[in-house]
Amino acid sequence: MTDEIKKDTFRAPPMPTKAIQMPSHQTEGANSGANSNAGYSQASATNDPYVNTFVSELNLPPQVLQTKVMGAILAGVLVFGMMMGCVMFGSGKKPVVQGLGDVVRNPRVTGNMRRCGQIDPNKECVLYIMNHKNFDRLGDDFFQEAQDITGVPKYSIQLSNTNYANMLIQPGWIAQIYIPSRR
């Protein structure tokens, strides 16, 4: 034998078997207010839980108040809202970035200059070197590496990049070094 106390469970009131009929309103006559009030008081006197709900006001079947139907309606509204949000706000296009990103620009480099390695080694070009250290470096720190890669003397690179020598290049950023033509 158990010592459990039996608790009453909540049960929803039964659904009406047919749709609730709304009283007809009269637009003319002196008793129109009395007739419409009588219809509402008559409906509320039946103790029907579906009298003053949106179901009765919109003349919908009472099955709309079931949990599964309400869940389906809410899911449909959510999906419709997401589709409308995508249509209205989802058309933003990302701008296409031309060239390299995170480059510290050199004022000496013009837009139509070719990269080193793509043209004749005796012509002027642009060399890109990334700061692979974990600390900031100056543009001057990359001139020795540029000499090792291109074979152009360091003093020639320094004279061509005087403004760029004091530029700060952060870790992970790319230095843009102007390499003059060999004479």
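Buried means under 20% relative accessible area, exposed over 50% and partly exposed in between, using a 1.4 Å probe on protein chains only. Keep that cut-off for the first stop.

**Before you start.** This is a predicted model, where local features need pLDDT of at least 70, side-chain atom pairs count only at pLDDT 80 or more, and totals for chains, interfaces and linings use all residues. Residues are numbered from 1 along each chain as its sequence is written, and side-chain values use heavy atoms, without hydrogens or water.

**Select 67–89.** This is helix 3; helices are DSSP runs of H or I, at least four residues, and strands are runs of E, at least two, numbered from the N terminus.

**Select R137.** R137 lies in strand 3, residues 137–138. Is R137 buried or exposed? R137 is buried, at 7% relative accessible area.

The R137 side chain makes a polar contact with the E145 side chain at 2.9 Å. Such a contact pairs N or O atoms within 3.5 Å; within protein, one must be able to donate a hydrogen and the other to accept it, and residues adjacent in sequence count only if both atoms are side-chain atoms. The charged end of R137 sits over the F142 ring, 4.3 Å from its centre. The criterion is NZ of Lys or CZ of Arg within 6 Å of the ring centre and within 35 degrees of the ring normal.

Methods: The expected span of a helix is 1.5 Å times one less than its number of residues.
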